[in-house]
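User: I'm new to looking at protein structures. Could you walk me through reading one?

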Amino acid sequence: MSENELNGASARIAERAVGERSDLGAARSSREGVPDPELVERASRRRFSAEYKLRILRETDACSRPGEIGALLRREGLYTSHLTYWRKQRREGALQELGQSRGRKPAERRDHELAELRRRAERAEGELAKARKVIEIQGNVSALLEQMLGTEGDSGSTER
């Protein structure tokens, strides 16, 4: 093989590594100007509702002939691991929670309101403490001014 043939082969391999599954799809899409149906632009996680999971489990339970479950899985685009996980959930009594999303549960509205009220109360107490200090300082300034004016008034009356 010549060096040019090797570079061409490695370019095709690198092209496949980017996301295309076959050379035929790349040639067809570039010829027709139509995007390759095998190439998914952005994959997203599938979510299944509780009703859907229960329906599929009922259908698989009703399958009696060999190959029926496989045909059902192919038709729905599912894997056997889905069935395994969903059956485990059903066994553990999580039927009502099958459709709920994973992760942290949202905080109750009452807890949120209580936390907000506590923050507001702490802020109001801080402002009240500041106001009390200002009033105390104003009282001290007033007393000092009275003392200063009182001593001036007393000294002025004795000098006459």
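User: Let's start with one residue. Where is the place of E76?

Analyst: Keep in mind that this is a predicted model. E76 sits in helix α4.

User: Is E76 buried, exposed or partly exposed?

Analyst: Buried is under 20% relative accessible area and exposed is over 50%. E76 has 23% relative accessibility, so E76 counts as partly exposed.

User: Which residues does E76 touch, leaving out those up to four places away in sequence?

Analyst: E76 touches R46, Y52, R55 and I56. Take I56: E76 and I56 are 20 residues apart in sequence, but their C-alpha atoms are 8.9 Å apart in space.

User: Which residues make up the largest nonpolar core?

Analyst: The general idea is that in soluble globular proteins, nonpolar side chains tend to be buried together. Here, the largest nonpolar core has nine residues: F48, Y52, I56, L57, L72, L73, L78, L83 and W86.

User: How do α3 and α5 cross?

Analyst: Look at their axes: those of α3 (residues 50-62) and α5 (residues 80-91) come within 10 Å and cross at roughly 100°. That makes α3 roughly perpendicular to α5. On the α3 side, the contact is made by Y52, K53, I56, L57, T60 and D61, and on the α5 side by L83, W86, R87, Q89 and R90. Sort those contact residues by type and you get five nonpolar, two polar and four charged.

How values were computed
Residues numbered from 1 in each chain as written. Predicted model: local features only at pLDDT ≥ 70, side-chain atom pairs only at ≥ 80, totals over all residues. Heavy atoms only, no water. Axes fitted to C-alpha atoms, helices over the stretch in contact; angles between N-to-C directions. Helix = DSSP H or I, 4+ residues; strand = E, 2+ residues; numbered from the N terminus. Parallel < 35°, antiparallel > 145°, perpendicular 65-115°, else oblique. Contact = heavy atoms within 4.5 Å. Nonpolar A, V, L, I, M, F, W, Y, C, P; charged D, E, K, R; others polar. Core = buried A, V, L, I, M, F, W, Y, C linked by side-chain atoms within 4.5 Å. Buried < 20%, exposed > 50% of the residue type's maximum accessible area, 1.4 Å probe, protein only.
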